[in-house]
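Thanks, I will keep this short.

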Amino acid sequence: MLPTPDLSHLKRKDYEFVYEPAEDTFLFLDAFEDEVYFLKELQPAISLEIGSGSGCVTAFVGKILGESSCLKYCTDINPKAARATQGTAKQNKVSVDIIETHLVSGLLPRLEGQIDLMYFNPPYVLTPSEEVGSHSVEAAWAGGIDGREVIDEFLPYIKRLLSVKGAFYMVVVNENKPDEIREIMKNDGFDSSVVKTRLAGREKLFILKFVRTAA
Ligand SMILES: C[S@@+](CC[C@H](N)C(=O)[O-])C[C@H]1O[C@@H](n2cnc3c(N)ncnc32)[C@H](O)[C@@H]1O
């Protein structure tokens, strides 16, 4: 069992501004632990986490990939999250390039079709639309109608960014209508699977995995 990354440099005060790792984060870690064999076989040259928050997930993935030469990118819309990710990378001796941006702005067209491993624990909570789009800690959860507003904005980027062999993982809850998301992605040319599910209080969490449908 791989240890959870060291986050001891982040204090209570930091979590007033940055998403504190929670059940969804830990389910993501467990899913990646189950996927170790696949990830090692994949040998990603470039990985990208969207919305890295504390940096916990990318530090964990960095440990799985070990000394490989994978170039690891993260983005976050929240400047304090970007700083936290940088700190976590340093604390865990994982090298990461963090970009403070909206979703993947600035990465296209440069990284078009080049990302072998991409993952996103998005803001998935159902909220009024007006709450979506903050650059502060609310950005961590405010997902708008059906918790899908940020997710739906992001989905079209997956086919543009992922390499031919690439895989994309995403956290969703039941209310996000996972089957509908899988159908949208199927129409974009992706097979999907549920890597992990867990009940966390009243939330049913899923980790979805997408890979391009074989020609
Ligand atoms: C649920 S939190 C997940 C944080 C971390 N990855 C984890 O699993 O603990 C969602 C993260 O996405 C970021 N985020 C929300 N909307 C975003 C956007 N449009 N572009 C980039 N990052 C965004 C938030 O700031 C937050 O850090």
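Start at Ser52, where a backbone N or O atom lies 3.5 Å from a nitrogen atom of the ligand. This is a predicted model, so please read every distance as computed from that model. At Gly53, a polar backbone atom is 3.5 Å from an oxygen atom of the ligand. How much of the ligand's accessible area does the protein cover? On its own the ligand has 590 Å² of accessible area, and the protein covers 97% of that.

Now the wider shell. There are 18 residues around the ligand, and the ones that come nearest are Thr25, Glu49, Gly51, Asp76 and Leu103. Sorted by class, this shell holds 8 nonpolar, 8 polar and 2 charged residues.

Next, where does the ligand sit? The ligand sits in the largest pocket. As background, rolling a probe the size of a water molecule over the atoms shows where empty space is left. For the largest pocket, that space comes to about 510 Å³. Its lining is made up of 37 residues, and those nearest the centre of the pocket are Gly51, Asp76, Pro123, Ala139 and Ala140. Which elements give two or more residues to this lining? They are helix H1 (23-34), strand S1 (46-50), helix H3 (56-65), strand S2 (71-76) and helix H5 (149-161). By class, the lining has 18 nonpolar, 13 polar and 6 charged residues.

Last, the two backbone details. In general, most residues other than glycine have a negative phi, and most peptide bonds are trans. Leu108 and Pro109 are joined by a cis peptide bond, with omega at about 5 degrees. Pro109 is found in the loop between strand S3 (97-100) and strand S4 (115-120). The other detail is Gln43, which is not a glycine but has a positive phi, near 45 degrees. Gln43 lies in the loop between helix H2 (36-42) and strand S1.

That is the end of my part.

Methods. Residues are numbered from 1 along each chain as its sequence is written. This is a predicted model: local features need pLDDT of at least 70, side-chain atom pairs count only at pLDDT 80 or more; totals for chains, interfaces and linings use all residues. Side-chain values use heavy atoms; hydrogens and water are left out. A residue is near a molecule or strand if one of its heavy atoms lies within 4 Å of it. A polar contact is a pair of N or O atoms within 3.5 Å; within protein, one must be able to donate a hydrogen and the other to accept it, and residues adjacent in sequence count only if both atoms are side-chain atoms. Accessible areas come from the Shrake-Rupley method with a 1.4 Å probe; for residues, only the protein chains shown count as cover. On a 1 Å grid over the protein atoms alone, a cavity is a set of points where a 1.4 Å probe fits but cannot get out, and a pocket is an open set with protein on both sides within 12 Å along at least five of seven lines; lining residues have an atom within 4 Å of a point. A molecule sits in a cavity or pocket if more than half of its atoms lie within 2 Å of its grid points. Ala, Val, Leu, Ile, Met, Phe, Trp, Tyr, Cys and Pro count as nonpolar, Asp, Glu, Lys and Arg as charged, and the others, Gly among them, as polar. Grid points are joined across faces, edges and corners, and a volume is the space filled by probe spheres set on the points. Helices (H or I, at least four residues) and strands (E, at least two) are DSSP runs, numbered from the N terminus.
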